[in-house]
Amino acid sequence: MAVGRGYVSHRTPDTELYTRRMGATAPAPEAYACLVDNTTWDLVEDIEKLREHLDIPEWQVFGGSWGSTLALAYSQSHPEKVTGIVLRGIFLLRKKEIDWFYEGGAAAIFPDAWEPFRDLIPENERGSFIDAYWKRLKSDDLETQYAAARAWTKWEMMTAHFIPNEEHIKKGDDDKFSLAIARIENHYFVNRGFLASDSFLLDNIEKIRHINTIIVQGRYDVCCPMMSAWDLHKAWPEADFKVVLDAGHSANEPGITAELVAGNEKLKNIIQRNGP
């Protein structure tokens with residue numbers, strides 16, 4: 001589950017939804033990478049409106065990376081509508097996770113990919129790369145936005161796979177694609193995901209503890225390191241926890257894909273066995 005206002009998330013090829021304004025037949029040009037009314041809770045509301053519009057009584061929720069954040073937020077808001085959950089590449093949007101990837105932690109593993117991301121920012125602004133990039137991504141100068149967006153997106157693309165994927169990395173050269181990714185991700189990180197507290201999603205596990213859930217995590221995920229999946233597993237031991245030993249972050253890595261397919265099959269069989 002990856003719903004975005006103003007863009008389609010690249011991070012979850014699992015299920016990609018483009019949410020348009022109510023009544024619109026096509027997104028207006030100014031809506032691209034738009035940050036207006038674009039919060040976690042706006043997206044949760046969009047998902048629920050979509051379920052109601054499609055007249056689906058209840059459904060399975062599936063999300064990876066940022067999609068796992070949103071899947072947890074939606075499920076905790078509407079647990080009675082969720083039959084099962086499959087999560088991948090866990091991201092709980094805590095400060096330590098953002099700091100790991102965007103403030104230098106992951107640079108220890110990918111120093112070659114980190115340096116272009118770092119070097120776009122003057123040394124006197126490196127106290128917070130999130131804030132420094134936000135300043136550029138909301139600049140009045142479009143070329144300044146594009147330069148920041150390319151650097152931001154390239155860093156992410158170069159670290160998303162266990163074995164770097166050149167075709168994936170090239171996506172960072174697309175200015176429009178990169179701008180949507182960078183502006184909206186940064187917007188959520190600057191605002192800490194619009195969550196009430198740093199541990200909000202963990203603190204509300206009790207609301208969904210009863211739901212059949214499968215957590216899939218790549219052991220060598222650099223974007224969303226395993227500490228988050230491990231913390232979720234400890235808070236929610238009832239959920240199945242699958243660690244793929246030869247995988248990074250991407251859902252397209254063979255081991256991750258296999259576990260996601262197996263997880264969906266397991267939940268399908270549970271529903272078929274238990275009936276409506």
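This is a predicted model: local features need pLDDT of at least 70, side-chain atom pairs count only at pLDDT 80 or more; totals for chains, interfaces and linings use all residues.
**View 1. An open sheet of four strands.**
Follow the strands across the sheet and you get the order E3-E4-E5-E6, with parallel pairing. Which strands sit at the edges? They are E3 (59–65) and E6 (240–244), and each of them pairs on one side only. Going from one strand to the next, the twist averages 10°. If strand pairing is new to you, strands of a sheet pair through backbone hydrogen bonds, either parallel or antiparallel. Now zoom in on E4 (residues 82–90) and E5 (residues 213–218), which pair in the parallel sense over four bridges. Pick out isoleucine 85, and you'll find that its bridge partner in E5 is threonine 213. There's a helix to spot here too: H10 (residues 226–235) packs on the sheet and touches E4, E5 and E6. The direction of H10 makes about 160° with that of E6.

**View 2**
A disulfide is a covalent bond between the sulfur atoms of two cysteines. Take cysteine 224, which is in no disulfide: the nearest cysteine sulfur belongs to cysteine 223 and is 6.2 Å away. For a disulfide, the two sulfur atoms would have to be within 2.5 Å. Is cysteine 224 buried or exposed? Cysteine 224 is buried, because its relative accessible area is 2% and the cut-off for buried is under 20%. Cysteine 34 counts as buried as well, at 16% relative accessibility.

**View 3. Serine 250 in its loop.**
Look in the loop between E6 and helix H11 (254–274), and there's serine 250. Even though this residue is in a loop, serine 250 is buried, with a relative accessible area of 8%. What does serine 250 touch, leaving out residues up to four places away in sequence? Its contacts are Arg88, Ala160, His161 and Ile256.

**View 4. Helices H5 and H6 crossing.**
Here the axes of H5 (residues 129–137) and H6 (residues 142–159) come within 8 Å and cross at roughly 140°. That angle is why the two helices, H5 and H6, are called oblique to each other; to count as roughly antiparallel, an angle has to be over 145 degrees. On the H5 side, the contact is made by Ile130, Tyr133, Arg136 and Leu137. H6 brings Thr144, Gln145, Ala148, Ala149, Ala151 and Trp152. Sorted by class, the contact of H5 with H6 has seven nonpolar, two polar and one charged residues.

Note on methods: Residues are numbered from 1 along each chain as its sequence is written. Side-chain values use heavy atoms; hydrogens and water are left out. Two strands pair if DSSP finds at least two bridges between them. Axes are lines fitted to C-alpha atoms, for helices over the stretch in contact, and angles run from 0 to 180 degrees between N-to-C directions. Contact means heavy atoms within 4.5 Å. Buried means under 20% relative accessible area, exposed over 50%, partly exposed in between (1.4 Å probe, protein chains only). Angles under 35 degrees count as roughly parallel, over 145 as roughly antiparallel, 65 to 115 as roughly perpendicular and the rest as oblique. Ala, Val, Leu, Ile, Met, Phe, Trp, Tyr, Cys and Pro count as nonpolar, Asp, Glu, Lys and Arg as charged, and the others, Gly among them, as polar.
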